[in-house]
Amino acid sequence: GGIVMTLANYVMHGIIMANAYMKSPEVFRQDDAGVHYFFLVGIMIAIMAAILFGKTRAAWADGLMGGVTFGFYAGLVGFFTHFYQPLTIEGFPYHLSWCWGGITLIAFLILGAVLGMMMKKA
C-alpha cells in the first residue's frame with residue numbers, strides 16, 4: 001500500500017504538478033532535499049495508516065468500499081492540514097493548498113483501496 005501511495009504521489013507531484021512548482025522557484029527548490037526522504041516518509045505514513053485501518057477494521061465495510069471509505073476520511077484529515085502551508089511558508093501559493101489537499105485525498109483513497117483489498121475482516 002505504501003509503495004502504491006508513494007508512486008501515486010510521485011505521478012501527481014513529480015509529473016502533473018511539476019510546471020506549477022517551477023513557477024515558484026523561491027518556494028520549491030530541490031538543492032538540499034534528498035529524494036529518498038520522500039519515499040521513506042510516504043512508506044511511514046502508509047504504515048501508520050495501515051495500523052490505524054487494521055485497529056479499526058471492524059468498523060469499515062468489507063473489501064474495496066471499506067478501504068476507500070477509510071481512505072476518504074483519513075484523506076480529509078490530510079486535505080485540511082495543507083491549508084497551513086500558506087500561513088507558515090513564505091511565498092507559498094494559496095491555490096496549491098487546494099491542489100495538495102486534493103492530491104493527498106486521492107493518495108489516501110488509493111491507499112485505502114489497497115488496504116481494503118488486502119486486509120480482510122476477522
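Helices here are DSSP runs of at least four residues, numbered from the N terminus. Keep in mind that the model is predicted.

**Exercise 1. Get the overall layout**

Work out which elements the protein chain has and in what order they run.

*Solution.* Start at the N terminus and walk along: the elements go α-α-α-α-α-α. That comes to six helices and zero strands. Next, look at the extent: along its principal axes, the C-alpha trace spans about 50 × 25 × 20 Å. Then check burial, where 39% of the 122 residues count as buried. Last, take the contacts with a separation of 6 or more: residues 24 or more positions apart account for 74% of these.

**Exercise 2. Classify the packing of H1 on H3**

Find how the axes of helix H1 (residues 2-16) and helix H3 (residues 35-55) are placed, and name the arrangement.

*Solution.* For H1 and H3, the axes come within 8 Å and cross at roughly 130°. Now sort the angle: over 145 degrees would be roughly antiparallel, and 65 to 115 roughly perpendicular. As for handedness, H1 passes H3 in a right-handed crossing.

Now zoom in on the side chains. From H1 come Gly-2, Ile-3, Met-5 and Thr-6, and they meet Phe-39, Gly-42, Ile-43, Ile-45 and Ala-46 of H3. By class, that contact has six nonpolar residues, three polar and no charged.

**Exercise 3. Do it again for H3 and H6**

Describe how H3 packs with helix H6 (residues 95-118).

*Solution.* Here the axes are 11 Å apart and the angle is about 50°. H3 and H6 are therefore oblique to each other, and H3 passes H6 in a right-handed crossing. On the H3 side, the contact uses Ile-45, Ala-46, Ala-49, Ala-50 and Phe-53; on the H6 side, Phe-108, Leu-111, Leu-115 and Gly-116. Tally the classes and you get eight nonpolar, one polar and no charged residues.

**Exercise 4. Follow Phe-53**

Which residues is Phe-53 in contact with, leaving aside its neighbours within four places in sequence?

*Solution.* First place the residue: Phe-53 lies in helix H3. Buried means under 20% relative accessible area; Phe-53 has 0%, so this residue is buried. Its contacts are Trp-60, Gly-66, Gly-67, Phe-70, Leu-115, Gly-116 and Met-119. Take Gly-116: it sits 63 residues from Phe-53 in sequence, yet their C-alpha atoms are 8.7 Å apart. Phe-53 also belongs to a cluster linked by ring pairs, together with Trp-60, Phe-70, Phe-72 and Tyr-73.

Key. Residues are numbered from 1 along each chain as its sequence is written. This is a predicted model: local features need pLDDT of at least 70, side-chain atom pairs count only at pLDDT 80 or more; totals for chains, interfaces and linings use all residues. Side-chain values use heavy atoms; hydrogens and water are left out. Axes are lines fitted to C-alpha atoms, for helices over the stretch in contact, and angles run from 0 to 180 degrees between N-to-C directions. Helices (H or I, at least four residues) and strands (E, at least two) are DSSP runs, numbered from the N terminus. A crossing is left-handed if the near helix is turned anticlockwise from the far one by less than a right angle, and right-handed if clockwise. Contact means heavy atoms within 4.5 Å. Ala, Val, Leu, Ile, Met, Phe, Trp, Tyr, Cys and Pro count as nonpolar, Asp, Glu, Lys and Arg as charged, and the others, Gly among them, as polar. Rings of Phe, Tyr and Trp (its six-membered ring) pair if their centres lie within 6.5 Å; planes under 30 degrees apart count as stacked, over 60 as edge-to-face and the rest as tilted. Buried means under 20% relative accessible area, exposed over 50%, partly exposed in between (1.4 Å probe, protein chains only). Angles under 35 degrees count as roughly parallel, over 145 as roughly antiparallel, 65 to 115 as roughly perpendicular and the rest as oblique.
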